Amino acid sequence: MLLRTATIEWNDSMGDAVCEMGISLPGIAAAARPGQFLMIKSGRGTDPLLRRPFSIHRIEGEDTAVILYRIAGAGTAIMSQAGPGDRISLLGPLGKGFEPPASARFHVIVGGGIGVAPLLFLAQSGVGEGIFTETTSIAIIGAKSSAGLHAVERFSSLHMKVLTATEDGSAGTRGTAVDLAGRALSSAPGPVAVYACGPRGMITALAAVLRMHPAATCQVSVEERMACGMGVCRGCAVPVRKAGGKAYAAACRDGPVFDMNILAEGT
Amino acid sequence: MDLSVKLGPLALKNPVIAASGTFGFGLDFAELFSPSLLGGIVLKSLTREPRIGNPAPRIAETPSGLLNSIGLENPGLDRFVSDVLPSLSMLDTRIFASIAGGKPGEFVHLASALSEHRRIDALELNVSCPNQAEGGMAFGTSPKAVESLVTQVRKATKLPLAVKLTPNVTDIAEVARAAEAGGADIISLVNTFLGLMVDWRKRTPQIAGLRGRGGVSGPAIKPMALRMVRDVFKAVRLPLIGMGGISCASDALEFIVAGASAVQVGTANLTNPMACAELPAEMARLLESECISSLSSLVGTLAD
């Protein structure tokens, strides 16, 4: 784990209020696992006060971490104004990432909107390790409309099969990523592993589809408000199932990637 | 520079203490720095039984602050003693156990049980948590209840006893006098300010909590906290541990001048995990630059 001041290499608008930031972090390729995140301080003062968590979107070379973020509030608005050479305070990589199960013979990535952020790093890593190939994996990316589809070409360039869906039909199949995931699950050979990140509604719909495929496993990266990112404050509580009742896990330390089966209803 | 301080019966090597709920059970930041650099650590509040805490979302950011309703999530006394306490044996710092409860008997039980363990150097009574339906702040807003509770806990322990006050009262000095009358050794102040953040589009509070209420901490509360430390300093003879928005050495020294003998750092740990670690050396540097030879000579020296 590291706390350091890092240099921004680039910070580009990708349209639809989404930006991509490259950050120089020597050794990050060896240190980070897909699904892990960085806590980034926007600005220098006390407002905004808290760091913001961002999944690592991809690693470039050995020493550059890339994040994909939506301008959603004051913190990300300040971040979007930064440029190459600017310095930011950063903590990470943090949290528990994706772990492709050894038993899986087919891998399905399901990303909704900005939820593709951690999944590209997973794809990059899975392809690099030879686990994800054109015949053993598929990336399904969905959004409300074409403007909300991100990183599609990046997945394609990894030589993965990529399918897109938009609710308004402006790109790919008309429908949702979960519709396409249901079809992929039905036709997949052998045990399937699903990796998902997206809006709450997408995860809930995916959970319903997965109930019809009880042999499939599913790992979900959740998004929660965080303060410390290190499991100290217990602020990023995620309701989970536990023998004898419910409990709360910390998204930052127990996650942000959880097995779908332990997430309680409604998350 | 000698930064050592005495809080009644308790000696600390320096005045910097990590505040309850922002430093886990002492070892969460150990990857970044040795907790033994600190004068003390107040552990996350313990209750007799385990608590799962309050529903999500539990936090929201405020201007220069943090609104939280964590709800005392903790493993309970037994699991703390069996699983956590042994890991603290190597630390060379004062360990304060923070205790909380819904009924006076729960505080008494915890105080008595924790006094059996030599690794615990002091107790801090959390009578100020705003996020509990029962107990917590309900004790801390009544001078009578505070005096009665402190009296009962005092009989159950010989450990140095700090009482952590809530700022959500009209006259905090009156509550401090009640804690002193009950037999407290130290007053810690302040806990969080009761607050509410609103999502006007959804017409909902921004956190779950009790009717969406939570406690506000961070730099935003520093002026109010300083005022209260000053008021309490004038009202009681006990040593004070000041807190509320401290994130750097000059913040800490402001509390010392207002009347605190030591300080706690809370929310700053969450935004900068090195906040506490850097503080003792930085305080020493600032004192030296002003040719002040001892920290204790500065306590309460504010001109009125």
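This is a predicted model: local features need pLDDT of at least 70, side-chain atom pairs count only at pLDDT 80 or more; totals for chains, interfaces and linings use all residues.
Residues are numbered from 1 along each chain as written, chains are lettered from A and ligands numbered from 1 in written order, and side-chain values use heavy atoms, without hydrogens or water.

Let's start inside. A nonpolar core here is a set of buried Ala, Val, Leu, Ile, Met, Phe, Trp, Tyr and Cys residues joined through side-chain atoms within 4.5 Å, where buried means under 20% relative accessible area with a 1.4 Å probe, protein chains only. The largest one has 146 residues, and Leu125(B) and Leu189(B) touch the most other members. A second, separate core holds 26 residues, including Phe132(A) and Tyr195(A).

Now to the interface. Which chain gives 24 residues to the contact, and which gives 35? Chain A gives 24 and chain B gives 35, with contact meaning heavy atoms within 4.5 Å. About 2500 Å² is buried between them, 62% of it from carbon and sulfur atoms; that is accessible area (1.4 Å probe) lost on putting the two parts together, summed over both.

The rule finds three salt bridges across this interface, each a Lys or Arg side-chain nitrogen within 4 Å of an Asp or Glu carboxyl oxygen. Arg52(A) pairs this way with Glu61(B), closest N and O atoms 2.7 Å apart.

Notes
Buried means under 20% relative accessible area, exposed over 50%, partly exposed in between (1.4 Å probe, protein chains only).
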